[in-house]
Amino acid sequence: MSGTYTPGTVPTAPYGWNQQISVSPASPYTPQPEFVKAPYELITTVVPVGPHSTRMVCSFCRKEITTKIHKKPITKAYISSLLCCVFGCFWGPCLIPFCMDQCLNVEHKCPKCEVYLGQYIR
């Protein structure tokens, strides 16, 4: 059986093939150097956020941005407003704590992708 291979034996060339003669390639193979390009890497630092918009690089979309801020009242604003109401300052004066910067935390978000970037806590 010349067409089948049995495990444990060395396969031979088909009839008519001479294994002693080798053919040289048409041109010698010269390996080309491979230039591996490193992936684009952006190194960022932690930027402290404050009460105002901050210029930084968004950690999600990697764009250079100026943060969008949103002010939110803290517990101090609600307690101050309640105390104003208790002491007779209804209607207008009881809302003053909600307009004071000392009673508001500031959230920073990316204006492009709306990702939360940090919070300035008073």
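A residue counts as buried under 20% relative accessible area, as exposed over 50%, and as partly exposed in between. This report applies those classes to a predicted model. Lysine 71, with a relative accessibility of 37%, is therefore partly exposed.

**Overall architecture**

The protein chain contains 1 helix and 5 strands. Read from the N terminus, these elements follow the order β-β-β-α-β-β. Of the 122 residues in the protein chain, 17% are buried. The chain exposes about 10,600 Å², of which carbon and sulfur atoms supply 62%. Among contacts between residues at least 6 apart in sequence, 49% join residues at least 24 apart.

**The sheet**

Three strands form an open sheet in the order S3-S4-S5, with antiparallel pairing. Strand S3 (68–73) and strand S5 (116–120) are the edge strands, each pairing on one side only. From one strand to the next, the twist averages 25°. In general, the strands of a sheet pair through backbone hydrogen bonds, in either a parallel or an antiparallel sense.

S3 and S4 run antiparallel and are joined by 6 bridges. S4 and S5 also pair in the antiparallel sense, over 4 bridges. Histidine 108 in S4 stands opposite isoleucine 69, and the bridge partner of histidine 108 in S5 is glycine 118. The hairpin of S4 and S5 has 6 residues between the strands, and glutamate 114 in this hairpin takes a positive phi near 60°.

**Two residues of strand S4**

Valine 106 lies in strand S4, which spans residues 104–109. Its relative accessibility is 0%, so valine 106 counts as buried. Leaving aside residues up to four places away in sequence, valine 106 touches several residues, including Pro51, Ile69, His70, Tyr120 and Arg122. The C-alpha atoms of valine 106 and arginine 122 are separated by 8.5 Å, the two residues being 16 residues apart along the chain.

Glutamate 107 is also found in strand S4. Glutamate 107 is classed as buried because its relative accessible area is 15%. With residues up to four places away in sequence again excluded, the contacts of glutamate 107 include Lys68, Lys72, Tyr116 and Gln119.

**Salt bridges**

The structure holds 4 salt bridges. Side chains of opposite charge can pair when their charged atoms come close. The table lists some of these pairs.

| Glutamate 64 | Arginine 55 | 3.1 Å |

Glutamate 64 and arginine 55 are both exposed.

Lysine 72 is partly exposed, at 36% relative accessibility, whereas glutamate 107 is buried, at 15%.

**The nonpolar surface patch**

Ile79, Leu82, Leu83, Val86 and Phe87 make a nonpolar surface patch of about 560 Å². Leucine 82 is found in helix H1, which covers residues 75–86. Its relative accessibility is 57%, so leucine 82 counts as exposed.

Definitions and conventions
Residues numbered from 1 in each chain as written. Predicted model: local features only at pLDDT ≥ 70, side-chain atom pairs only at ≥ 80, totals over all residues. Heavy atoms only, no water. Patch = residues over 30% accessible without salt bridge, like charges linked within 9 Å, V, L, I, M, F, W, Y side chains within 5 Å. Areas by Shrake-Rupley, 256 points an atom, 1.4 Å probe, with all protein chains shown as cover. Salt bridge = Lys/Arg side-chain N within 4 Å of Asp/Glu carboxyl O. Buried < 20%, exposed > 50% of the residue type's maximum accessible area, 1.4 Å probe, protein only. Contact = heavy atoms within 4.5 Å. Pairing = 2+ DSSP bridges. Axes fitted to C-alpha atoms, helices over the stretch in contact; angles between N-to-C directions.
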